[in-house]
Structure formats: structure tokens, C-alpha cells
Amino acid sequence: KGWAAAGLLDANRSAASDPYPAPREKFTATTNVRAVESNAEVVAKTDVIILAVKPQTMSAALAEVRSSLTDKKLVVSIAAGITLKQLAENLGTNTRLVRVMPNTPCLLGASAAGFAVGPAATKADGDLVARLFNAVGKAYAVPESQLDAVTGLSGSGPAFVYVLIEALADGGVRVGLPRDIALSLAAQTVFGSAKMVLETGTHPAALKDAVASPGGTTIAGLHALERAGFRAAAMDAVEAAAKRATELGSKN
Ligand SMILES: NC(=O)C1=CN([C@@H]2O[C@H](COP(=O)(O)OP(=O)(O)OC[C@H]3O[C@@H](n4cnc5c(N)ncnc54)[C@H](O)[C@@H]3O)[C@@H](O)[C@H]2O)C=CC1
Ligand SMILES: O=C(O)[C@@H]1CCC=N1
């Protein structure tokens, strides 16, 4: 959907596959790109193949695509935890592979993604993947050993931020705001704060200090956050998600 919005999906040269009719219909309705039942058919007709199945279904999907692969094809996996080595073991060690961890804001062109290029992939393959994922947000090349950490932080991170937004809105409702205004204020506050970090380049601690007047409202709220262990909870969330990514790789 993000690539379609960025004008990167040519309906004549792109296709998707899914065993179920409902996701196929939804995909075509949102992207205008044809979706078929057979993975092998898509792999046979395209040069850049995006593997976007659950880690638990990856080995079944790989078995369906392997025979249609040639050295002309680049395979990109976005599955959490599944390593380049595992992909190469299933697809052949000469397969040109790139592993990416994007996140759902790619739908709106605001993704944060990390990627690692496999040993048989070319520099041009890495450049293409960087271009594709920079077209829907920001993409960073990282060593593969850091991709589970990327998964814990930015792959799963949108869910952590949604919980924060929901909780801030609940707080607003608790102190008397209507629900719709509270939710808009909460989301816009998170958006504006992220924009401040990204566009001013100022450290978040300094930005936080600039909001907190001596003896004022913000420091009272910050004290409540510290007392509740907010920072440790956020760090634990990233660590738990990163560990789970590693587990998903080792179990699938
Ligand atoms: N949801 C997220 O925020 C993110 C997910 N990922 C990764 O993306 C992958 C997909 O996750 P979601 O999109 O959330 O899952 P999803 O369940 O929404 O989509 C997976 C699709 O794969 C289809 N499928 C099942 N078996 C298949 C097969 N053998 N061949 C072709 N298609 C098959 C399913 O019908 C489904 O439509 C996972 O590996 C996940 O780790 C990566 C970054 C973020
Ligand atoms: O929850 C998951 O496993 C996937 C990977 C990153 C975001 N969602």
C-alpha cells in the first residue's frame, strides 16, 4: 500500500500471492495489483520477491518458491527472527537475499526500517532495498546481528506507542476531556514530539527539560512517570520483543 502510494508498484509488472481469497481481494482493492493463489506463479514472473508471511509459515512458503528461483531474482524477507542463514538453507546459498524489518507506518510513508544484505546479494540489491524502504519512510543498513533489536524497537514499537497514546487519552478523559478531543490531543502530542526530536536534532532530555518549568505541571507529571517505572517499562518492552524475535527465528 505504501509503495502503491509512492508510485512504485507498476500493475503490469507486479503481483502478489496469498492462499486465501479475502486478503487477495483486499490487496488488489488497495493497490490495484493482481493477487493470485500460487506463490510459484508470482516468483516465476517477478524479479524482486518480498516474503511477507508469518515466521511460523515461512518454511512452508519457502518450499513453494524454491523451484522457481534463479540468479536473476532478489528475495527480500520481512519476517521477524528468520535469519539470512535459514533463508539460504531453504532457498540455496547462491540466492540473493536481503532481510528487512520495517513497521506498519510504511502504509503512510512513515516507516522506520532496518535491513541487512545477504552474502550472495549485490551492492545494487542493497541499494534497491534501501530505495524501496526509504520511499515509505526511513531505512537503515545494520549488521544482521542487530535486526532482532530493530524488531524489538521499531518493528514492534508502533504498538508500544499506541498504548502510550491510548493511555494519555484515558488520562485526558480522567481529568475531564471529551474522548475524541483527548485522543486527538494525545496523538498530535506524540506526533509533534517525534517531529521535534527528528527535526531539531536536540536530545530528548533537553527537549523534556524545556517543557518542565520549576515547580510547574510537567515536573509533577514526570515524577509520577518515574515513580511508576515508565522508563524501565519501555526498555523492558523493547528487550522482550527483541528476545521474542530471536526465539521466533530459532523455532521456525
Ligand atoms: N505486522 C507488523 O507490524 C510487522 C510484521 N512483520 C513481519 O511481516 C510478516 C507478516 O506479518 P503480518 O503482515 O502482520 O501478517 P498477516 O497475517 O497480516 O499477513 C500474512 C499473510 O500471509 C498469508 N499466507 C499464509 N500462508 C502463506 C503462504 N504459504 N504463502 C503466501 N501467503 C501466505 C496469510 O493468508 C496472510 O494474508 C511476519 O513475518 C512479520 O514478522 C514485519 C514488520 C512489522
Ligand atoms: O509482532 C510481530 O511478531 C511482528 C514483528 C514486528 C511487528 N510485528
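Predicted model: local features only at pLDDT ≥ 70, side-chain atom pairs only at ≥ 80, totals over all residues.
Stop 1: Select residues 147–155, helix α7, and residues 230–251, helix α12. Their axes come within 7 Å and cross at roughly 135 degrees. Angles over 145 degrees count as roughly antiparallel and 65 to 115 as roughly perpendicular, with the rest oblique. The two helices, α7 and α12, are therefore oblique to each other. The crossing of α7 past α12 is right-handed.

Now show the side chains at this contact. On α7, pick Asp-148, Ala-149, Thr-151, Gly-152 and Leu-153. On α12, pick Val-238, Glu-239, Ala-241, Ala-242, Ala-245 and Thr-246. Colour the contact residues of α7 and α12 by class: 6 are nonpolar, 3 polar and 2 charged.

**Stop 2: the ligand.** Centre on ligand 1, which has 21 residues around it. Start with the closest: Pro-23, Thr-57, Ala-61, Ala-79 and Ala-80. Then select residues 55–65, helix α4. Helix α4 gives the most to the shell around ligand 1, with 4 residues. Colour the shell of ligand 1 by class and you get 13 nonpolar, 6 polar and 2 charged residues.

Stop 3: Zoom out. Where they touch, domain 1 supplies 9 residues and domain 2 supplies 7 residues. Look at the domain 1 side of this contact: 4 residues are nonpolar, 5 are polar and none is charged.

Conventions:
Residues numbered from 1 in each chain as written. Chains lettered and ligands numbered in written order. Axes fitted to C-alpha atoms, helices over the stretch in contact; angles between N-to-C directions. Parallel < 35°, antiparallel > 145°, perpendicular 65-115°, else oblique. Left-handed = near helix turned anticlockwise from the far one by under 90°. Contact = placed C-beta atoms within 7 Å. Nonpolar A, V, L, I, M, F, W, Y, C, P; charged D, E, K, R; others polar. Near = placed C-beta within 6 Å.
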